[in-house]
Amino acid sequence: MTDQTSPTNDVRLRSTLDGVPGYKPGKPAAARTDVTTYKISSNENPYPPLPSVLKVVQEAATSMNRYPDMAVSGLTQRLAEALDVPAEDIATGTGSVGVLGQLMQITCEPGDEVIYAWRSFEAYPIVTALAGAKAVQVPLTAESRHDLDAMAAAITDRTRLILVCTPNNPTGPAVHADELDAFLAKVPSDVLVVIDEAYLEFGGDEAAPVALDLYRKHANVAVLRTFSKAYGLAGLRVGYAVAHEPVAAALRKAAVPFGVSTLAQEAAIASLDAFDELAERVNSLVAERSRVIAALREQGWPVPDSEANFVWLPLGDDTVDFAKAADEAGLVVRPFAGEGCRCTVAETEANDRLIEVAGAFRAR
């Protein structure tokens, strides 16, 4: 009989890990017999893959015994054409989160500072801490928007990277072009500003900036995007950044070798080719978002404007109780204890359930 006693573990791990928060994925919806359950906690696209995209993925799967194109050449060239930027200014990675990690690696030494709004994308403090950098979190305004003046005032000699999430995850509003222009005028030229546009395709705010124009105007601006949301490729993990040299070259150097699979590369190209079909789905989700926000506001909820595929309920101390009530009704939302719940705009039935649960909770 083998000895089941565990050996003493004296392995030294980085002390930095003590301050790294764990990423909390959206809770899955457990199947129930009494009600159809819906997961609206992860900002996933509810539509299945387009047939044309699924076809190229199936074909690409036949060569999964081979390494993918490490340079991601085909997708990079297709993006360069679609965005009208040099291919040399594009760097890919395993989702925008993967590229975000690369951005930290190329800009931050231990003790350097990273500025971002809070609350914003919960991966920001994780990748910042893993880089050994210091997070400088600037509170959102009362309207759940970036306070760019306060972010500019937070810049110090140790600032190396600034993240602007627009539309902001999890609250929804986009920054405005005039605000961002004024902000960029205050940022030193040696500090990289990343405009994180994971939800760009869902936006309709005419005051929102054109991030690629800002990249063309400012050598220290990079644009971060993903195929996970509007394109519905969350499970394949592919994102990209548009940035000037030497930033883009450094990002490619920091990328995990062969990180973007052949399936992901081919699916992303096919999705770009089928964007007109995908746009119909995006427009449908945007219309549903407007319907949900109108219904929630009619109930009395102070829902901020959203330019993404989710809505934000500022619940404060009632956040956990609301999430529990939703769960009991077969609806899984994304709670941020003490602040609010983010609710993905999903199937019509799921959206109806959210309106129903929110109305009942409001009427308690």
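Of the 364 residues in the chain, 50% are buried, where buried means under 20% relative accessible area, exposed over 50% and partly exposed in between (1.4 Å probe, protein chains only). The model is predicted: local features need pLDDT of at least 70, side-chain atom pairs count only at pLDDT 80 or more, and totals for chains, interfaces and linings use all residues. Residues are numbered from 1 along each chain as its sequence is written, and side-chain values use heavy atoms, without hydrogens or water.

The chain holds 12 helices and 12 strands. These are DSSP runs numbered from the N terminus (helices H or I, at least four residues; strands E, at least two). The radius of gyration is 21 Å, close to the 21 Å that the globule rule gives for 364 residues, so the chain is as compact as a globular protein of that length. This radius is taken over C-alpha atoms, and the rule is 2.2 Å times the number of residues to the power 0.38. The C-alpha trace spans about 60 × 55 × 55 Å along its principal axes. Among contacts (heavy atoms within 4.5 Å) between residues at least 6 apart in sequence, 72% join residues at least 24 apart.

In soluble globular proteins, nonpolar side chains tend to be buried together. Here the largest nonpolar core has 51 residues. Such a core is a set of buried Ala, Val, Leu, Ile, Met, Phe, Trp, Tyr and Cys residues joined through side-chain atoms within 4.5 Å. Leu-75, Met-151 and Phe-227 are among the residues with the most contacts inside this largest core. Helix H9 (residues 262-273) gives the most to this core, with six residues. Beyond four places in sequence, Phe-227 touches residues including Leu-75, Leu-79, Tyr-240, Ala-268 and Leu-272. Another core, of 34 residues, lies apart from the largest one and includes Phe-202, Val-292, Ile-293 and Phe-361.

Helix H1 (residues 51-60) has Val-53, Val-57 and Ala-60 buried. They lie on the same side of H1, because they cover an arc of only 65 degrees around the axis, taken from the directions from the helix axis to the C-beta atoms. The buried residues of H1 pack against H9. Pro-51 and Gln-58, on the other side of H1, are exposed.

UniProt, in an unreviewed entry, lists Lys-229 for "modified residue: N6-(pyridoxal phosphate)lysine"; such annotations may be inferred rather than shown by experiment. Lys-229 sits in the loop between strand S7 (221-226) and strand S8 (239-242). Lys-229 counts as buried because its relative accessibility is 16%. Leaving aside neighbours within four places in sequence, Lys-229 contacts Ser-42, Asn-43, Asn-45, Ala-198, Tyr-199 and Phe-202.
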